[in-house]
Each structure stands twice: as C-alpha cells, then as structure tokens.
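Work through the exercises below with the structure in view. Try each task before reading its solution.

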Amino acid sequence: MFSSVINPTEGLTLESSLICIITAIALGLLAAVIYRLNNRQASKNMLVSLMVLPVLVQAVIMLVNGSVGAGIAVMGAFNLVRFRSAPGNSRDICYIFYAMGLGLATGMGYIGFSIMLAVAVGIVLTVVGFIPGLSQDRISAKLLRVSIPENLDYCGCFDDIFEEYCSKANLIQAKTSGMGTMYDLKYEIVEKDIKKEKEMIDKLRARNGNLPIMCGIMPSNSEEL
C-alpha cells in the first residue's frame, strides 16, 4: 500500500505518470473543499492555488528526481516565488504546506500514503475549524472604526455601549487624524446580536458627535507569519 508506483529501474512511465497526476489533482480538489468548508471568506485565488499546487509540486518532484543540480535550481526558484508573494495569515500558510505535502508524496509515487495524509490532516483541520472558540470568534469578529473629537477621552468612553451590544470589544489602535483635531479608533468587536448593529452605531454616533463610523469584517492578515 505504501510502496511507490514508480519503478526505480524503469523510471517514469506513462501509466505511473497518469496515476500520480490524477491523484494529485483529486487531492488538490479535496484540499480546496476542506479550506472552503473551514473558511467562509475563502477567495477564488486561494481555492485555485490549493487545487493546482499539488500537481505542480508533483510534476517538479518527478522532474528533479535523482538530479542534485536540478533540485538546487528548483529550490532557488521557489525562494524567488516566496519573496514575490505577500505574507498571509498562519492558517492559509498551513493549507499551502498541506497542499505541497500532498504534491511531494504523489511526486515520489507514494499514492497510498498521500491519500492517507490528505484524509488524516483534512479531518484534523475540519474538526479544529468547527470547535467553538477556535474559529467562530475570528469568523464573527468585526473591525469597528470610530472617529472622535480631540477633546473626548477615548479611554472607556464607549464601554457602556460595548457592554450592551458586544460580547467582546478590544481597542487595537488609536491614531490622530485631521491635523490632530480628531482621533481614529479601531476596535475588534464580537456582537451579541448582529441585528442590533444599526442601533449600536446610532448610539456611537450620538456619543462621538456624528463623526464617521465604519464597521466591517476583520482583515484576514491579522495573524501573519
């Protein structure tokens, strides 16, 4: 079951190549599905990357198998790709390594091991993704930006409103704006009832003198590696 389908004496054949390619494509689709199930805000670019990455890594491993020089050249190419890439959050990078691991296993011809790896890690990622407290808080968390005049002390000025409408409210940034005439505050909040969001914003507007307020989804790059 865990033996390679690639015969060391014969090298790559059409049959073994097709088996590895089809397996890598199928496992890439599985990785994309698992990522989509655990991430409601999954982007199309990330899903396509997870689908294609295993078969690309598998093809590279097959081509450089047994060639030290080619392996070093490929390693340098991967480093260039890394420096041309924007940093992502830790969860997305984990999925990228997951897809690369599947491509590496299929590229070496270990089909049974690659399938077992895909299923085992996929189950772990799915279970962890549905455990309350590990993922739900991040999914439901929102970024609240409130502008206040300079004469208003931002320390605790909205605590009573947050206590009424939010189960969690943390001040993550305070910045001056408008040539020092205003403060731009950023909060990470988790609302008790999303249907009362307008009611909460109306009370914040009454407190901050009807200055701009913005409430939206937390940026996905808040946990970078």
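**Exercise 1.** In which helix is the place of Leu 53? Describe its surroundings too.

*Solution.* Start with the ground rules. The model is predicted, so local features need pLDDT of at least 70 and side-chain atom pairs pLDDT 80 or more, while totals for chains, interfaces and linings use all residues. Residues are numbered from 1 along each chain as its sequence is written, and side-chain values use heavy atoms, without hydrogens and water.

Step 1: Leu 53 sits in helix α2. Helices (H or I, at least four residues) and strands (E, at least two) are DSSP runs, numbered from the N terminus.

Step 2: The classes are buried (under 20% relative accessible area), exposed (over 50%) and partly exposed (in between), with a 1.4 Å probe and protein chains only.

Step 3: list partners. Beyond its neighbours within four places in sequence, Leu 53 is in contact with Ile 96, Ala 99 and Met 100. Contact means heavy atoms within 4.5 Å.

**Exercise 2.** Which helix gives the most to the nonpolar patch?

*Solution.* Step 1: the patch consists of Leu 30, Ile 115, Val 119, Ile 123, Val 124, Val 127, Val 128 and Ile 131, with about 620 Å² of accessible area together. Patch residues have over 30% relative accessible area and no salt bridge; like charges are joined within 9 Å, nonpolar side chains (Val, Leu, Ile, Met, Phe, Trp, Tyr) within 5 Å. Areas come from the Shrake-Rupley method with a 1.4 Å probe; for residues, only the protein chains shown count as cover.

Step 1: helix α5 (residues 111-129) gives the most, with six residues.

Step 2: other α5 residues are buried, among them Gly 112, Ala 118 and Leu 125.

**Exercise 3.** What joins Lys 142, Glu 191 and Glu 197 into one network?

*Solution.* Step 1: a salt bridge is a side-chain nitrogen of Lys or Arg within 4 Å of a carboxyl oxygen of Asp or Glu. Glu 191 forms one with Lys 142, with the closest N and O atoms 3.4 Å apart. Glu 191 is in strand β3 and Lys 142 in strand β1, so this pair ties together parts 49 residues apart in sequence.

Step 1: Lys 142 also pairs with Glu 197, at 2.7 Å between the closest N and O atoms. Glu 197 belongs to helix α8, so this pair links parts 55 residues apart in sequence.

Step 2: Glu 191 is buried at 13%, Lys 142 at 17% and Glu 197 at 18%. Salt bridges that share partners join these residues into one network.
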